[in-house]
Amino acid sequence: MRRGGLLWLAIYVLSQLGLYLTVKVSVSSLGLAAYLPVYLLGSSAPLIALSRGRLSLDEGAVKLGLMQALSAALWLVGMYYLQPASAAALSYFMPFVAMLIGYVALGEGVSAREGLGAAIAAVGVGVYTAYSVTGSLKVVGAAAALANTAAWASYSIYYRKLRGRDPVRLNASSLLLAGLVTLPALSMARDVRLTSLATASIIVVSLLVSALGYVSWNRLVTAMSVPRATLLSYAAPAAVAVAQYIMGSPLRTMQAVGLTVMIVGALVTFGG
């Protein structure tokens, strides 16, 4: 892997660590309906500032924005009902979906190493999920997180078709559109509790980790295939799980085994 790709991977993993550990506070305080447009519009704000307000409200940005809105909604449902590490692990079932969509939409082939890495990592996701998701509400969260893998894969594949565009300007435009599309969700908001901790979490998520995560991910998928980028980013759910453990959340033996297998899948791909 080129040094630039490794740098963007490190930035992405760190941004995801911050995102998964902070957004839970916000979505629990504001509720899903209120937080969805706040999250998207807040994420667009620093990017709009960086692009100096020069937006690209064309067909590509509109399609990307609709995909981001759907993906964000499913992702937040998963985050609402699951522990951050569980939501992160399930989200990274995406390589299989990305491989299929990438082959159909872009004609991207899959190397034997990428296929093997994806298969190994999927086993890890399955093991981790089997020992993490219990109870009807967690099943709802798991279903949403898995559905998001298709939405996020579609977004990533479509973004590769737009890889010649300025990532900051494009994401500023698409996130703004996604936020505007989801504004009607505010009418369904109930029992909103904007605590000081939730406010701080919204600011941190919007101004740093979310916007940085979108840009760094888009840099990754322009530098390499989506399946490869996703497999390498399996370090993100592992980092979230380790952080949860350090913060006092127990990590069961089989959960640790599942996370380890995910990392092995990423390392198999990394070696190619």
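## A nonpolar surface patch

Val242, Tyr245, Ile246, Met247 and Leu251 together make a nonpolar surface patch of about 550 Å², where a patch takes residues with over 30% relative accessible area and no salt bridge, joining nonpolar side chains (Val, Leu, Ile, Met, Phe, Trp, Tyr) within 5 Å and like charges within 9 Å. Accessible areas come from the Shrake-Rupley method with a 1.4 Å probe, and for residues only the protein chains shown count as cover. The model is predicted, so local features need pLDDT of at least 70 and side-chain atom pairs count only at pLDDT 80 or more, while totals for chains, interfaces and linings use all residues. Residues are numbered from 1 along each chain as its sequence is written, and side-chain values use heavy atoms, with hydrogens and water left out.

## Helix H11

Ile246 belongs to helix H11 (residues 235–246), helices being DSSP runs of H or I with at least four residues, and strands runs of E with at least two, numbered from the N terminus. With a relative accessibility of 67%, Ile246 counts as exposed, a class that begins over 50% relative accessible area, whereas buried means under 20% and partly exposed lies in between (1.4 Å probe, protein chains only). The buried residues of H11 are Ala236, Pro237, Ala238, Val240, Ala241, Ala243 and Gln244. After H11 comes Gly248, which has a positive phi near 110 degrees.

## Helix H6

Helix H6 (residues 112–130) has 19 residues and should span 27 Å at 1.5 Å a residue, which agrees with the 27 Å between its end C-alpha atoms; the expected span is 1.5 Å times one less than the number of residues. Among the buried residues of H6 are Glu114, Gly117, Ala121 and Tyr128. Seen down the helix axis, the buried residues of H6 fall within an arc of 165 degrees, so they line one face. The face turned away from that buried side carries the exposed residues Ala112 and Ala130.

## Salt bridges

The count of salt bridges is 2, each being a side-chain nitrogen of Lys or Arg within 4 Å of a carboxyl oxygen of Asp or Glu. In one, the side chains of Asp58 and Arg165 meet at 2.9 Å, N to O. Asp58 lies in the loop between helices H2 and H3 and Arg165 in the loop between helices H7 and H8, so the pair ties together parts that are 107 residues apart in sequence. Glu59 forms a salt bridge with Lys63, and both lie in helix H3, 4 residues apart.

## The whole chain

The protein chain has 12 helices and 0 strands, and 51% of its 272 residues count as buried.

Terms used. Arc of directions from axis to C-beta.
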